[in-house]
Structures are given as C-alpha cells and as structure tokens.
Amino acid sequence: MRKNLNVIAAYSIMMGLITLVGIFQSWNIALSIFNLCLISAVMTMGANIQWGYAGLINFGIMGFTALGGLAAVLISVDPVQEAWSAGGFNILLSLFLIIAMVLAVRYILKNYKKSKNRTYIVAAIIILGIVIIRFISEPGIEAIEGVNPAKTGFLGGLGLPIIFSWVVGAFFAGGLAFVIGKVALGLRADYLAIATLLISEIVIAIIKHEDWLTRGVKNVIGLKRPAPYEVNLQQTDWFISLVEKFNSSKLNLITDLTERQATLNQLVIEGSSVFVKLCYSGLFLVVVVILLILTQKALYSPWGRMMRAIRDNEEAANAMGKNVVKQHLLIFVLGSAIVGIAGAMLVTQDGLFTPGSYRPLRYTFLIWVMVIIGGSGNNFGAILGGFVVWFLWIEAAPIGLYLVNLTTAGLDDTHFLKVHLIESVPYFRFLMMGVGLLVIMRYRPKGILPEKIEIK
Amino acid sequence: MDFVNAIILLLNYIFVPALAYGSQLALGAIFVTLVYGILRFANFATGDMMSFGTMFVILFTFYFQSVGISFGVLPTALLAIPFGIIFMVGYMLIIDKLVFKYYRINKSPPVQLAMVSIGVMFVTQAVVRIIIGPSDRRFFDGEKFLIKAGEFKEMTGLNEGLAIKSTQVITIIVTLILVSTLFWFLNKTKTGKSMRAYSDNEDLALLSGIDPKKIVMITWVIAGILATIGGALYGLDKSFKPFTYFNNMLPIFAAAIVGGIGNPFGAFLGGYVIAFSEILLTYAYRKFFMYVLPESMEPDGLIQLLSTDYKFAVSFSILVIVLLYRPSGIFKGKVL
C-alpha cells in the first residue's frame, strides 16, 4: 500500500479534476473527456509496450489507429448488395491476384540465390502484376463508386455488431505491424521513427483515396452503436422513472404539474446523453482493465524480464541466446494491435469514420507526449499520462483564456493585443504540451510515475 | 513539330515545377542532414522551424509594403529575408541554449534528443500560430510570370505554351547560389573543414583542438539561414500555411534519407529525386502520347501511373525501397 501511494494519489487527483469539470461545467463534458481519456489510455498502453518494454520507437500510431477505425467500418456497416454485384467480382479477383503476386515473389526470393537476374524477375513480376491488377480493378472500382455515390459508393461491410471490430481492428493493425516490422525493425532507433511516420502517412493516403473501400473523404457516418440511442431512451419508461427517482428531491419542490413535467423532460434529455456516455465508459473501462491486467502480468513475467534485458543491452541479451529480432517483431505487433483496438473504440464512440481527421500531430505525437509525461515502462504511468494530457488538451482553451484575461487585465477590451491573444487561445494547447514535454524530459526524464522494477 | 510540342509539354508540367519544388525540398533536406550530422539527432521540428523563419519574412514583407519599400519587379520578400534570418538564428540559438545544450553535454542518446525536438515542435507551432494565425497567407508581389504561356505560343508558333513563374526562377537561382556557397564553405574554409571533421569523428576532432561550441553555433546559424530561405521560397511559390509546413517535414525527411543522411550533397540531390519522382509518377501522360504517337495509336485513358492523391505516398514508397536495399542512402551517408 505504502509504495503505491504516489500512484493512488496521482489517480485520485485526476479523478478529482474530472469530477470538478462535471460539477462546474457539465457532466456531459466530464464524461466525454473521461471516455477519450480511456481511449487515449489504451493507445498509450500500446505505445508503452513498444517503447517502455522494448525501446522501439513507433511513430506510426496514427496509421494503426486509422486501421482500427477502418475495421469498425468494415465490420459494422451493412453490405451494399448493388455495389457487390457491380464490381465485387473484379475486386475479389484483384485481391486474389495480389496474394498470388506476393506468393510468387516470396517463392522466387526463397528458392533462388541472390543474383541480378533474380532482382529483374522480381521487379518484372511486381510491375506486370500492378499493370494487370489496375486493368482488372479499374472498371470494378468505377462501377462500385458509381452506385448511389451520395449515400454509399462503396462496398460496405459485413453488418455485424460493431463490438467485434475491436478484435478485428487489433488484427488489422497487427498485420500491418508485421509487414512494417519485417521491413523496418532492423533500422536504428531514429531511423525507425522516421520510417514508421512515413509509412503511417502512406496508410492514411490509401484510406483517404480508395473510395470503394472506405468512402474516402466523403466519410462514413451513422455507424451502429453498442449503446442505446438517446432518442429511444427518452421514450423508455424505466429510464424516465430512473431519472425521476434520481432527481426526486429536486422535482418534489415543484408543485405545478405542467412545470414539473417540463423539468422532468429536460432532465430526461440531459440524462439520456449522460447515460449513453456512461455505457461507453463502462465498455471502455472493461477493455482498459483487461489490457492493464494482461500487460502487468506480462511485465513481471520471464518474458517481460527478457524484453527489458533486450531493451537495456541488446548485445548481451543476444549473447544469452535470446532471439532479439523475433522478440522485437513480436512486441511491435502486440503494441500496434493494442493501438488498433483503440482506433476501433474511437470510431465506435464517435459513430463516424473521417479519414481526413487522421493527422500525425493528434494521433502520433500527442500519444508520445502522453507516454513520456506519464512514465514510460510503467503501465500505470502511461495510463495516467493519457488522462493528464488529454484533460489538459481539452481544458487548455479555458485555462488559456483565463491566463490571457489575467495578464491583460490592465488593457482595454478592444485593445488589439488582447483581441489577438483571445483569438489565438486554442493554440495555447500546443504551447502547453510542448512546454510540459520539455520540462518533464529535463527534470523528470522518467515521467510522473517512473518505472519501478520489482523482483518478485 | 509534334515532337517539340511534346517536349514543351513535359517542360511546362513536369520539369520546371519539379525543379522548383525540388530546390525547396533540397534546402530543407540539407538543414535536416546538417543537424543530423553535426548535432546528431533527427530534428522533428524541421517543418515548424521553417514556418517560424518564414513568419518573420512575411511580417517584414508586410512592414516594408506598408512603408512603401519595394524591390521593383522582384518580390519584396527577398528584401525581408535577411531580417527574417536574423530573428530565426536568434531563435535557434536560444532554443539550443535552453533545450538542446543540456542533452548534448550529457551525451544523451539521439532518441532522447529526437523526443526533445518534438517538444520544440509543439512550442514552435504554438508560437507561430499565436503570432500570425493558422490561416493561408500570400505575400508575393512584383511580376508574376517571367514567360507567359500565351506569349510563348505567339513567339514560337507552337501549340503548347510554356509558362515560367518568376518565383520558380528565383527559387532555382537562389538555391544554386546558396548551395554552392555552402559547399564551398564546407570544403574549402577551415571552419567548414572542422565541421566536417566534427561530424565524422567527434573525439578525434576534439583532440585536434576544434572548439565544439563554435561548431554547434555555426551549425545553427547555417541551419537558420537554410530554414528561413527554404521556407520563404516555398511560401513565395505556393503560399504560407503553418499546417502545410509541418507536413512538408515528411518529404524533406524522405529526401534527406534517400540522399544519405549526414551527407549534404546527397540531401541536395535527394530533394530533386523526391520532387521528380512525385511529379513523374502522378502526371497524366495522355497529351504527351497524343503528340508523340501517330493518330491511330492514340491512348484512351489518362495514362497516369498513380492518381495525384498519392503524391506524398510516392516519396515515402521510394524511401521504403531505399531503406530496404540501401539503408545508407543513394549517396552513402552515415550508416544507420
């Protein structure tokens, strides 16, 4: 208990802050901050596994998040039958050809010695393959995108409950991580960072522009929900009576019957959106707790010790017979898969998939700030980082506004400097993140909750 | 005649724009490579540092315009660049003193410095947006075209016009002057040689009496000059928007790595490699083939290898291929 005091203290302060938002601003805002904090926590856990456990830099978090989001679309949206009949065959054939091409290249690479001829043959297969695939897929893609483009114009998904996509998103992200890992993991740390950053940009470019698969920048809206809809809730009897019970003291003060009914309606409308957010919080909390237990177990297992050994001294671990390359690949895939789950959760919560919104600043660098500030190598620290940074990211504007008003109190309200500063209040969040990161890196390089190695 | 038309077409749509874009990338790439080679970290604040310098150029341009100073047919921004550089270099030296110096003296691993540069990136981005705002700004004035497409057609009697924007010419000339001065400095002067020695082998350089403080300072000064000019040229040619500058960091990194990181000449050529491949692979060649091929063989499609949406993806794919087959870059930089 004693040694965990700082963890408990840090988390209680965080919860206290969110509660304060609930009391002073509104419970709706507080809960949406809390939900996104939980999603951020899942992302930071993924990044923490890679960076904290194994010392791998992954600046491609954005790409894995987007793939998770794509999974949510492909799982939950109902299939568009017309589009399938219009161009499904071409797409499937192209998919088959791509697989055949990859297998052929693999076969040649495995069974022939390295020579100039081999390189030429591989290049020829790839170029020929791309040309053939383009010829086959192009009419299919055009046909699909032509089917009711304002509403669908894509193949749709499988029409399953969206919860499944959390698992599928993990598989998508893990699969991509496997490919990237095979290519890039041999590189030195900062090189790997740049490579993953650029590869994630390629992923986003594909998601943005392959309209037949993702609708691209036209966005997919109105995804299914794992939680009830507000409108339905507002008409359900048990929910109305629940709200009535909760607010009975307040309602009893009102004697006028019509007025009482109006207040109740208002409360039900407010309560329904809070209730829906609470449903999400519950679901996300389950994911976070499961992941936390798994990662904690892994950290203190022999495997976790091996990962730390590899992180701290690669050569020594290698000399002790640990397969560094294989373990790096494994942990890269695992961490990315967790990020994929977070991506699917994010789209589930928003109910829409907007490929244009994936930007490296928000989905890669901010997550890294969370991990570094929270404490890399320590799961509780990483989660706390997700909470603290996301809270500040949202509340930076009000805080900035307050500070601006405080420092320019002597100036006239129409003074150009004051007006300008108040207009640029949204950008104070960047300043806050940057300064926070720099201060933490300088004076507390291990983060708020540093890594503790306990040997049990 | 058709053949000449086809050549002009390619010049107009591929060669001239790619040369200008490549020059802008090349300046950024040399900036990245110098910081990597001498200060030994990947600077993720590259794009935002460029936008910071450009911001001062823009502010001075606006000031000059308001007091009525102009540069004739040339854009006023060229006059403002030296003032922008002064502020930029000052900013970089302050950042170095406050942030990077501590880690350099403690001999932190490069990864930590890269993380720190992300902090600098956030701060710089905030400062730029607070001072000048996030919106799109154009600050070009003076004569817009050197050769207009219509005039060119009249002059030569060809079907295809060749339009050359003055910003493109300015970009290419300034880049050539700047880069040749830089190479002269690095290869012929004593300070330049000691910089290269420091980049090659730090301990040996220190033993032979090279002052590391001086080397670091000069590196930041050169980096400031490159970043400001590169950013200002890009802004003149297209427009200034902090977000685009942040994104430009990615092709710039690709250029630096493709050319061999730590190798300034490689970075210079890498910029053009990236620019040309981006434009060559996403250009629709239909018209070109219409000129070159006989009428019976005219193509129906656009003959476009990749849609223009994938412009960025092209440069990154090149990077991945280079990483796979030649991790030290085309022109042998540091082996990573």
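Lys107(B) sits in the loop between α3 (77–105) and α4 (110–132) of chain B. This is a predicted model. The phi of Lys107(B) is positive, about 50°, although the residue is not a glycine. Most residues other than glycine have a negative phi. Lys107(B) counts as exposed, because 8 C-beta neighbours lie inside 10 Å.

- Arg40(B) belongs to the loop between α1 (2–39) and α2 (46–67) of chain B.
- Its phi is near 65°, again a positive value in a residue other than glycine.
- Is Arg40(B) exposed, partly exposed or buried? Arg40(B) has 18 C-beta neighbours inside 10 Å, so it counts as partly exposed. The cut-off for a buried residue is 20 or more.

**Chain B as a whole**

- Chain B contains 13 helices and two strands.
- The C-alpha trace of chain B spans about 70 × 55 × 35 Å along its principal axes.
- A compact globule of 336 residues would have a radius of gyration near 20 Å. Chain B has 21 Å, which agrees.
- Of the 336 residues in chain B, 45% count as buried.
- Take the contacts in chain B between residues at least 6 apart in sequence: 75% of them join residues at least 24 apart.
- Helix α9 (residues 212–237) of chain B holds Met217(B). This residue is partly exposed, because 16 other C-beta atoms lie within 10 Å.
- Met217(B) and Val16(B) are 201 residues apart along the chain. Their C-alpha atoms are separated by 36 Å.

**Chain A as a whole**

- Chain A has 19 helices and zero strands.
- Along its principal axes, the C-alpha trace of chain A spans about 90 × 60 × 55 Å.
- Chain A has 456 residues, and 40% of them count as buried.
- Among contacts in chain A between residues at least 6 apart in sequence, those joining residues at least 24 apart make up 82%.
- Tyr107(A) is placed in helix α4 (residues 81–111) of chain A. With 10 C-beta neighbours inside 10 Å, Tyr107(A) counts as exposed.
- Ser85(A) and Tyr107(A) are 22 residues apart along the chain. The separation of their C-alpha atoms is 34 Å.

**Domains of chain A**

- How is chain A divided? Domain 1 covers 5–79 + 156–443, and domain 2 covers 80–155.
- The centres of domain 1 and domain 2 of chain A, taken over C-alpha atoms, are separated by 34 Å.
- Seven residues of domain 1 of chain A are in contact with 11 residues of domain 2 of chain A.
- On the domain 1 side of that contact, three residues are nonpolar, two are polar and two are charged.

**Where the chains meet**

**Nonpolar cores**

- The largest nonpolar core has 206 residues.
- The residues with the most contacts inside this core come from both chains. In chain A they are Val42(A), Leu198(A), Ile338(A), Val369(A) and Leu437(A). In chain B they are Ala254(B) and Ala255(B).
- Helix α2 (residues 27–53) of chain A gives the largest share of this core, 16 residues.
- Another core, of eight residues, lies apart from the largest one. Among its residues are Ile141(A), Val147(A), Phe154(A) and Trp212(A).
- What does Leu437(A) touch, leaving out residues up to four places away in sequence? In chain A, Leu437(A) touches Val369(A), Ile372(A) and Ile373(A). In chain B, Leu437(A) touches Ile118(B), Gly119(B) and Phe122(B).

Terms used
Residues are numbered from 1 along each chain as its sequence is written. Chains are lettered from A and ligands numbered from 1 in the order in which they are written. This is a predicted model: local features need pLDDT of at least 70, side-chain atom pairs count only at pLDDT 80 or more; totals for chains, interfaces and linings use all residues. Helices (H or I, at least four residues) and strands (E, at least two) are DSSP runs, numbered from the N terminus. The radius of gyration is taken over C-alpha atoms; the globule rule is 2.2 Å times the number of residues to the power 0.38. A residue is buried if 20 or more other C-beta atoms lie within 10 Å of its own, exposed if 12 or fewer, and partly exposed in between; C-beta atoms are placed from the backbone. Two residues are in contact if their C-beta atoms, placed from the backbone, lie within 7 Å. A nonpolar core is a set of buried Ala, Val, Leu, Ile, Met, Phe, Trp, Tyr and Cys residues joined through C-beta atoms within 7 Å. Domain bounds come from an automatic or database domain assignment. Ala, Val, Leu, Ile, Met, Phe, Trp, Tyr, Cys and Pro count as nonpolar, Asp, Glu, Lys and Arg as charged, and the others, Gly among them, as polar.
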